[in-house]
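User: I am new to this structure and would like to learn how to read some of its features. Could you guide me through them?

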Amino acid sequence: MNTLIVSPSPHVHGGDSIERNMYGVLVALLPALFCSVFFFGWGALRVTIAAVASTVLFEYIIQRYLWRQPVAIKDGSAIITGVLLAFNLPSTIPLWLVVLGALVAIGVGKMSFGGLGNNIFNPALVGRVFLLISFPVQMTTWPVPNGFETTDAVTGPTPLVLVKQALRTQKPFAELLPGGEHSLLELGTGSGVAGSLGEISAFALLLGFAYLLLRRVITWHVPVSIFLAIALFSGVLHWSNPAYASPLFHLLSGGVMLGAIFMATDYVTSPMSRRGMWIYGVGIGVLTIVIRNFGAYPEGMSFAILIMNACTPLINKYCKPKRFA
Amino acid sequence: MLKTFTLGGIHPPREKLSSGSAITPLPLPERVSIPLSQHIGAPALPLVKKGDRVKVGQLIGEAAGFISANVHSSVSGVVLNVEEAVDASGYARLAVVIRVEGDEWDDRVKQRESPDRYLSAYSREEMLSAIQAAGVVGMGGATFPTRVKLTPPTGSRPEILIVNGAECEPFLTADHRLMVERGRELLIGTRFLMKALGVEQAIIGIENNKPDAIAKMREAVAKHALGIKVCPLKVKYPQGGEKQLIEATTGRHVPSGALPISVGVVVHNVGTVYAAYEAITMHKPLVERVVTVTGKSLARPGNYLCRVGTPVACLIEAAGGLPGDTGKVINGGPMMGKALASTDAVVTKGTSGVLVIPVGEALRKPYRDCIRCTRCVQVCPMGLEPYLLMTLGEYQRTGELERERVMDCIECGACSFACPAYRPLLDVIRLGKSRVGQMIKSRK
Amino acid sequence: MSSIILYTTVSLCATGIASAVILYLVARKFRVEEDPRIDRVEALLPGANCGGCGKPGCRGFAEAIVKANTLEGLCCPVGGETTMPAIAAALGLEASARVPRVAVVRCGGDRARRPRYSRYDGYISCAVEHALYRGESACPFGCLGLGDCARACAFDAIRVEESTGLPVVREEACVACDACAKACPRGIIELRDKGVKARRVFVNCVNRDRGALSRAACGASCIGCGKCARDCSFGAIIVENNLAYIDFHKCRLCRKCVSSCPTGAIREENFPPRKVELSRIEFEN
């Protein structure tokens with residue numbers, strides 16, 4: 001008779017895996033990648049490939065030679081970090097900066113805490129913020145999207161710079177927008193707006209969001225609470241003084257969509273309970289608007305997420321899920 | 001809108017391979033080994049010795065205390081020994097081994113229900129003592145003595161009897177077939193239990209993937225019974241969990257650490273109800289039960305009426321023999337069943353099924369670090385945080401485990417089922433639970 | 001410009017001083033009076049916080065000593081021969097004599113002697129496996145080999161040997177803190193007196209089943225035949241529940257029992273090799 005296997009129950013598994021979730025996120029990022037290549041040309045692809053190659057390579061080196069442990073790059077988490085890092089960079093950034101950012105993201109942001117599952121901060125954002133603070137010039141030289149045309153890249157300000165401009169001059173924000181409220185559509189689709197790779201098209205990112213919800217990779221709580229907080233807070237400001245930008249502008253511009261859908265929802269660094277997710281999301285939304293309107297930087301999404309990442313353990317401690325009875 | 005419980009839950013593939021096969025009596029085995037501890041509580045005291053002749057239904061083990069149950073011989077023949085024999089867990093327990101000779105029943109057991117006696121003819125005490133004498137225990141797996149459950153503590157007032165026909169475990173179909181084939185008897189049994197408890201209302205909860213059982217029970221209810229309602233439920237695991245079923249059918253929430261009676265509800269499995277029916281009308285002790293023998297690799301999955309004490313190997317033989325690629329043999333369903341170390345283990349009062357899993361599907365994958373995806377929190381039907389409970393359990397933080405309400409865990413296994421990192425959440429939580437249990441005990 | 005620098009400096013200094021004053025006052029107000037001897041005792045302790053003394057860490061042990069003001073029943077098992085006398089000297093108390101002990105694993109059922117019939121595939125923990133079933137072998141008392149003892153050891157003194165599947169104690173590292181014995185769900189590990197020149201004789205089995213059952217499960221089991229007890233000239237061996245036990249206070253290390261045991265379940269440790277090696281086979285036949 002053959003030897004029977006004995007283990008505690010349950011004896012079946014649902015078939016879900018880390019890989020299924022990670023590659024699900026990657027698929028959801030594809031529409032945005034197509035958009036950025038379409039609008040920014042080969043530069044976008046160049047940055048993305050460099051970022052992914054270096055994050056995966058650094059993770060491999062650290063696991064293989066530093067930890068001397070089985071290599072788990074196949075789980076796809078390093079690829080996601082690479083893509084998200086690239087999506088936070090301008091398409092014209094020098095490649096050595098991309099590699100440096102990847103090293104900080106993987107080495108400092110992820111592996112120093114013990115690898116996947118143990119990091120406190122979103123690795124891609126750690127890399128991004130490191131680059132932003134250390135190399136502010138390169139990081140804020142935004143090319144205006146001109147697709148595959150070979151003319152020299154023209155740089156321009158991201159629309160978010162206008163927020164502070166309007167507040168300084170106390171003019172109604174809508175007057176400063178070239179093309180008025182009409183240009184909000186451009187923000188949505190992405191044509192003609194300067195910015196990072198992944199920020200270019202809100203609609204492509206929302207398409208990815210729909211896919212993630214459909215595959216049940218993430219739940220809707222974090223992104224929706226961020227959107228609601230941003231809309232409400234900026235709405236109140238806009239209503240009190242038209243010099244503050246409108247809620248729709250805040251939602252569609254900059255990294256809000258990318259951050260809310262793909263970075264704030266990072267499993268490892270977001271809270272575990274529904275109530276915690278709401279607090280976390282609202283915190284990110286409010287902080288983003290505070291930084292955008294009153295802070296030194298034009299964009300506050302990445303800082304807001306990192307700050308709320310730091311609050312996550314505390315939220316987990318105090319926000320318990322709804323118990324039975 | 002179909003009713004179900006609110007928090008968590010999972011949807012494992014149902015795999016009800018044997019739902020269409022009728023209950024078939026299993027040929028008598030050559031020998032049986034009847035454990036004297038088939039229930040929660042004190043083991044029964046043996047009444048027979050080596051060499052004694054016994055008949056089917058003869059009392060061979062007497063209940064030792066209030067929370068205990070009688071054990072009867074399930075076959076007729078000669079007692080070979082009263083000895084320590086390995087039970088399903090491999091630990092030695094006292095059992096009566098009987099060599100089967102013929103099939104001679106004890107004279108007190110009637111072969112069919114007496115046609116001239118109606119419900120009103122049985123008094124409450126008569127029914128309770130019949131159930132106690134027959135050694136009826138909860139047949140859904142918990143094996144709690146039924147008589148105790150039918151005697152609510154003073155001060156509590158039962159209002160509703162819930163008959164658990166959810167059978168939410170994948171693969172198992174024993175309760176399903178019982179409802180399809182013995183609908184009338186179940187109804188009478190339910191009426192008995194209602195009278196024994198003094199309740200006016202009973203609800204039979206059945207998951208919606210058993211439309212034939214729902215139809216059959218509805219038909220029987222329309223014909224016979226007042227105050228009984230059939231409640232179809234949305235398919236979701238663990239619907240058959242006591243607290244989940246109560247919430248799904250009545251909307252009442254049993255508080256943490258309390259028994260269902262605290263909200264005026266008593267739950268009994270359909271198998272138990274059937275056993276109670278037989279005990280009251282025929283004085284038939286609990287010596288046989290329906291067992292689902294199933295598995296994708298088995299030639300003939302089916303539902304067998306078999307005697308308590310029959311070796312699992314005999315059941316598997318009847319279902320086409322143990323396939324060569326077998327990895328696991330499970331006593332019960334895949335979610336909460338117990339893996340057997342050997343097929344020599346025997347069917348007991350609580351065995352609802354025998355499941356055979358091929359080796360390829362039996363082995364667990366190596367587990368990895370928690371990625372904090374919140375799946376376990378989402379699926380937990382008790383609103384706990386399995387990931388946290390596992391970590392606290394690994395570090396033996398017993399005090400914190402208790403504060404995080406580890407004792408609420410119903411061990412349904414939804415967390416381990418859903419975990420994408422294949423973490424053995426329930427293994428560690430169960431250990432933590434037993435440690436917290438010891439701590440609570442030592443406090444008293 | 002200079003005024004800005006001035007303002008900044010002054011306001012920062014003022015904040016700093018104010019905070020310092022508040023902190024000082026708070027510290028004064030909420031000061032916890034502690035016996036200074038606690039700190040002195042704690043400094044003498046090894047600081048491993050192993051819990052071997054039964055108190056929550058070294059600090060807890062120091063508090064217990066100072067509170068009791070006697071060393072009766074209080075002993076740091078880890079500190080070796082110097083710690084307790086040093087504490088006694090520091091507190092002016094009488095040091096109680098202490099016999100060095102060592103953890104002993106009482107299971108000889110290695111892979112060769114104890115066949116495995118099933119395969120465990122759950123969480124790697126003896127406690128989990130023990131709660132689930134009797135284990136891979138047929139012995140419901142024997143070592144499960146998953147290393148709960150090794151994980152409990154703070155001194156890296158016990159390790160599960162790959163080839164035998166049994167834990168091995170490194171005597172020189174073991175401090176007899178009892179952590180492994182507490183971690184073992186089957187109570188296989190016992191703390192025994194180290195003995196003269198670390199020589200020990202003990203029953204290498206904890207199986208309490210009837211002889212026939214335990215013999216069927218494992219070739220190295222004690223079958224409770226009582227031969228050793230009859231042969232012992234010092235009355236050091238008692239047989240209870242089919243299991244022999246050697247009282248190490250009475251044992252004179254004569255090793256008669258070792259040669260008389262029909263299953264070889266009695267083990268001697270750290271003795272020089274015998275001149276005439278007795279053949280076990282003779283006894284088995």
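**Reading helices and backbone angles**

Analyst: Please note at the outset that this is a predicted model.

User: How should I read the angle between H11(A) and H13(A)?

Analyst: Angles over 145 degrees count as roughly antiparallel. Here the two helices pack at about 150°, with axes 8 Å apart, and H11(A) and H13(A) are therefore roughly antiparallel to each other. H11(A) contributes Pro223(A), Ile226(A), Phe227(A) and Ile230(A) to the contact, while H13(A) contributes Val256(A), Ala260(A) and Ile261(A). By class, this contact has 7 nonpolar, no polar and no charged residues.

User: What should I look for in the backbone itself?

Analyst: Most residues other than glycine have a negative phi, and most peptide bonds are trans. Phe171(B), however, has a positive phi near 75°; it is found in the loop between S9 and H3 of chain B.

User: Is Phe171(B) buried or exposed?

Analyst: Phe171(B) counts as buried, because 31 C-beta neighbours lie inside 10 Å.

User: Where is a cis peptide bond found?

Analyst: One joins Tyr237(B) and Pro238(B), with omega about -5°. Pro238(B) is in the loop between S11 and H6 of chain B.

Terms used. Residues are numbered from 1 along each chain as its sequence is written. Chains are lettered from A and ligands numbered from 1 in the order in which they are written. This is a predicted model: local features need pLDDT of at least 70, side-chain atom pairs count only at pLDDT 80 or more; totals for chains, interfaces and linings use all residues. Axes are lines fitted to C-alpha atoms, for helices over the stretch in contact, and angles run from 0 to 180 degrees between N-to-C directions. Helices (H or I, at least four residues) and strands (E, at least two) are DSSP runs, numbered from the N terminus. Angles under 35 degrees count as roughly parallel, over 145 as roughly antiparallel, 65 to 115 as roughly perpendicular and the rest as oblique. Two residues are in contact if their C-beta atoms, placed from the backbone, lie within 7 Å. Ala, Val, Leu, Ile, Met, Phe, Trp, Tyr, Cys and Pro count as nonpolar, Asp, Glu, Lys and Arg as charged, and the others, Gly among them, as polar. A residue is buried if 20 or more other C-beta atoms lie within 10 Å of its own, exposed if 12 or fewer, and partly exposed in between; C-beta atoms are placed from the backbone.
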